[in-house]
Amino acid sequence: MKRAHDERRRTLLQWLAGTAVASTVGPAAAAGNGRDVARIGDAAMALEFDGELRCRLLSKRGARATAVTAFASSERLRLANGRWIERFAMSGQAADRVDGPHGPGLRHRFTGVAPDGIEKTVAVTFHDRHPGFAIIRVSYRNLGSKPLDITAWANSAHTLRPAAGRKPEFWTFSGATHQDRRDWVLPMAPGFEQRNFMGMNASDYGGGTPAVDVWQRDCGVAVGHLDTVPRLVALPVRATAGGASLAVEFEGAATLAPGGTLDTLDTFLALHTGDYFAALDRYRQVMAERGVRAPDAPPECYEPIWCAWGYERDFTIPLMVGTLQKAKELGLEWAVLDDGWQNNEGDWKLDTKKFPKGEADMRGLVGAVKEAGLKARLWITPLAADPGTDLLHEHADMLLLDKDGAPQLISWWNSLYLCPAYEPTIEMTRAFVRKILGEWGYAGLKIDGQHLNGVAPCYNPAHKHARPEESFEKLQDFWKMVYDTAREVNPHAVVELCPCGTAYAFHNFPYMNQAPASDPLSSWQVRHKGKTLKALMGPSAAYAGDHVELSDGGEDFASTVGIGAVLSTKFTWPVDPKPKDSFLLTPEREAKWRKWIGIYRDKMLANGVYRGELYDIGFDKPEAHVVEKDGRLYFAFFAPRWDGPIEIRGLGPGRYRLRDYVDERELGQVQSGANRITVRFEHALLLEAVPA
């Protein structure tokens, strides 16, 4: 036994790095009461495994490696009795060079055996082009003679601890969908906890981006899964005593026969400085290398938008047509016909009260939009069918059914789900898209509804799914069909997918070329959703701020223009039939709308490069955003009131002239190393930095 221990000790010591480790987490960071530690990593971060395959995370961005988490059972397995198997005596290790879609790298493998007779192999890969980003896959093998019932696994379960001498303060990004349409970016108050399940969190709210992040002033940690298909994982985030914990967890019953194995998904663990933007941007790059990436947006995606939703469902053709010339005069280039044109969700026939001549009237409306010099876009909400529709009477087989045979409710429209993985649903929708763009002449689609982000598992026997989860996993294929069909009919078509206030399903991004703020509840949501989507879709992605009327005060253009979002409005003119909640463009409002639309068109920051790494949206005050375009930097600062210094970051060599491009004021010059100025503003200050 002593000889075997000595050999294992010598092997482990070969992995020890030559530099000392500065622990900021106190005695809990000790490696298993003095057990040997194996360290792996790259230039940005390191992972240390002790003799029981517990792990801690170290930052290597400073003068010496610094532990930012304590040792923990980061990869573990749960048995049917609820007990987690957490400790595995290390029995072997290896490393080999790898190459592939992420470029060259080094893969490390650690093997250990638990007293229960389960062998665990942890594979951790660091790729040269992705510093600070580890890809982790774990395999469990039953070495015993009896089957073992498994109910869950967890990867990268870590707790970020506060830096030495600092007050514990943490923020989080969470990519899950919630019925209350909460903020995606939040401070972690004591007691904060979110499960962040990627499946259905309500009957019609589900899906999301399978990544979470927690960060403090000094550094942050992100985890998520890297599968090219959406999976029903959870990514719990929790405020603990003096820390912030996160993990990737999957619940699912499985039986490991003797000699049988269970593999986790590819998951990632990322270490970063600044806020969550850097980690999500890296996640986007890695997923793009795996084939999941948002398309490049055509110029039409950046054109400013007028939407007839100001009239809501009571719109009429004369009301809409009567507003088109004003929209064009103000500089807008799209006209969107929103909800209310149809007889119901499901049959999608024209409302005869509004379109008495049927499709001839619809084609006439599109012709009027074109004649006004605008492009026409139509609102639809696929996968919804109202009770009593002809569709459900004739094709009830399209319904998505739960395990009890009951349909799934879409609460917002009081509709029922159709299954996106059922061929008749797919073909019906394909024909509908061809009609809208081909026969009616629309140039774009506004696809709307929180239910379009994720669907429940489908148990409808008529669909012959291999597994009920196919409905959830193949939702992205449904959107691919819609996107490809639209672009086949019109190669310049704009396909906007709006999940109604919820976080976006990342795997849907390849099949949309414009993402709106999705019914924001505040200007803060407009801004942090913009930062998030520029990270997940690309720094020049076409992100629309949604109707400015949804912002603070109903007229906060700065929160759209300043962060590089596409401008959108739903004003009514020259009359508004709604005495309450009117969006009438009064002469006073028209002057403001005209000014901001002019600024938007002049600067066109929406197709610039968003520089989300320059400011921390949680800790930097005032809140700041930067867009780079044509050799200039555009800064947007936000605070209820500010009177003090601001720091102008991201400057290149030489001096820059600062100009308030909204109020046309010169604010002096700055340069790298002398980049602070004192300013006073309320709500927003938008600056242009021009090389002097």
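Keep in mind that this is a predicted model.

**Around Gly530**
- Gly530 has a relative accessibility of 2%, and anything under 20% counts as buried, so this glycine is buried.
- Leaving aside residues up to four places away in sequence, Gly530 touches Gln525, Tyr543 and Ile563.
- Tyr610 is 80 residues from Gly530 in sequence, yet their C-alpha atoms are 9.5 Å apart in space.

**Helices α6 and α8**
- The axes of α6 (residues 423-439) and α8 (residues 475-489) come within 9 Å and cross at roughly 30°.
- Angles under 35 degrees count as roughly parallel, so that's the label for α6 and α8.
- The crossing of these two helices, α6 and α8, is right-handed.
- On the α6 side, the residues meeting α8 include Thr425, Ile426, Val433 and Leu437; among their counterparts in α8 are Phe478, Met481, Val482 and Val489.

**Helix α11**
- With 17 residues (587-603), α11 reaches 25 Å from its first C-alpha to its last, close to the 24 Å expected at 1.5 Å a residue.
- Just after α11, Met604 takes a positive phi of about 45°.

**A sheet of 3 strands**
- This open sheet runs in the order β28-β30-β29, with antiparallel pairing.
- Strands β28 (384-385) and β29 (409-410) are at the edges with a single partner strand each, so one side of each has no neighbour in the sheet.
- β29 pairs with β30 (residues 415-417) over 2 bridges, and Ile410 has Ser415 in β30 as its bridge partner.

- Trp573 and Pro574 are joined by a cis peptide bond, with omega about 0°; Pro574 is in the loop between β35 (566-569) and α11.
- That loop between β35 and α11 also holds Asp581, a non-glycine with a positive phi of about 55°.
- Asp581 counts as exposed, at 52% relative accessibility.
- Another cis peptide bond runs from Lys621 to Pro622, with omega near -5°, and Pro622 is in the loop between β36 (609-610) and β37 (623-629).
- Glu664 isn't a glycine either, but has a positive phi of about 55°.
- You'll find Glu664 in the loop between β39 (655-660) and β40 (665-671), exposed with a relative accessible area of 61%.

Note on methods:
Residues are numbered from 1 along each chain as its sequence is written. This is a predicted model: local features need pLDDT of at least 70, side-chain atom pairs count only at pLDDT 80 or more; totals for chains, interfaces and linings use all residues. Side-chain values use heavy atoms; hydrogens and water are left out. Buried means under 20% relative accessible area, exposed over 50%, partly exposed in between (1.4 Å probe, protein chains only). Contact means heavy atoms within 4.5 Å. Two strands pair if DSSP finds at least two bridges between them. Helices (H or I, at least four residues) and strands (E, at least two) are DSSP runs, numbered from the N terminus. The expected span of a helix is 1.5 Å times one less than its number of residues. Axes are lines fitted to C-alpha atoms, for helices over the stretch in contact, and angles run from 0 to 180 degrees between N-to-C directions. Angles under 35 degrees count as roughly parallel, over 145 as roughly antiparallel, 65 to 115 as roughly perpendicular and the rest as oblique. A crossing is left-handed if the near helix is turned anticlockwise from the far one by less than a right angle, and right-handed if clockwise.
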